[in-house]
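Try each task before you read its solution.

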Amino acid sequence: MNPLRAYLDAWLCRDVSAARAVLDDGCVVIDSHGVVLRGADAVVDWLRGWIRAGGMVHTVEIAEESESDGVITAQWALEVTWQGVRAQVEGRSVAHVRDGLITYLREYTTSGPLGDWDGTWQS
């Protein structure tokens with residue numbers, strides 16, 4: 001299992017130790033909402049706080065995954081509960097890996113359901 005998949009699985013299992021195990025001490029993680037976490041300890045604190053606040057990942061489905069020259073990307077769909085609301089979230093993660101550890105992780109998500117362009121702008 002590659003470090004990115006192990007990190008996503010750790011969120012699914014709410015396993016802070018497993019998440020920490022694949023992070024470089026000096027990693028930088030940028031959440032899809034723009035939160036920048038510097039260092040593995042900051043990521044661990046953030047994950048613990050998210051769990052304490054009732055955050056939960058119910059499912060992780062990887063649709064596409066690639067790995068080349070120390071960069072792993074994965075397109076995924078998560079079913080999560082946050083602030084009492086259960087929702088489907090789709091996104092992509094880009095992880096830079098060195099010596100088997102994530103040194104940089106950037107996550108992107110869609111802000112709403114996908115839909116075909118019909119020629120009008122949605123608000």
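**Exercise 1.** Does Met1 count as buried or exposed, and what is its relative accessibility?

*Solution.* Keep in mind that this is a predicted model. Begin with the place of Met1, which is the segment before α1. Next, take its relative accessibility, 72%. Exposed means over 50%, so Met1 counts as exposed. Finally, look for its contacts: leaving out residues up to four places away in sequence, Met1 touches Ala6 and Asp9.

**Exercise 2.** Find how far apart Met1 and Leu105 are, in sequence and in space.

*Solution.* Along the sequence, 104 residues separate Met1 and Leu105. From C-alpha to C-alpha, the two are 17 Å apart.

**Exercise 3.** Locate Thr103, and decide whether Thr103 is buried or exposed.

*Solution.* First, find strand β6, residues 101-109, where Thr103 sits. Then use the cut-off: buried means under 20%. Thr103 has 17% relative accessibility, so it counts as buried. Last, list its contacts beyond four places in sequence: among them are Asp24, Cys27, His96 and Arg98.

**Exercise 4.** Describe the largest pocket: what is its volume, and which residues lie nearest its centre?

*Solution.* Start with the volume, about 570 Å³. Then turn to the lining, made up of 21 residues, with Asp31, Ser32, His33, Trp50 and Val80 nearest the centre. Elements giving two or more residues to this lining include α1, α3 and β6. The largest share, four residues, comes from β4. Sorted by class, the lining holds 16 nonpolar, three polar and two charged residues.

Conventions. Residues numbered from 1 in each chain as written. Predicted model: local features only at pLDDT ≥ 70, side-chain atom pairs only at ≥ 80, totals over all residues. Heavy atoms only, no water. Buried < 20%, exposed > 50% of the residue type's maximum accessible area, 1.4 Å probe, protein only. Contact = heavy atoms within 4.5 Å. 1 Å grid on protein atoms, 1.4 Å probe; cavity = no way out; pocket = protein on both sides within 12 Å on 5 of 7 lines; lining within 4 Å. Points joined across faces, edges and corners; volume = space filled by probe spheres on them. Nonpolar A, V, L, I, M, F, W, Y, C, P; charged D, E, K, R; others polar.
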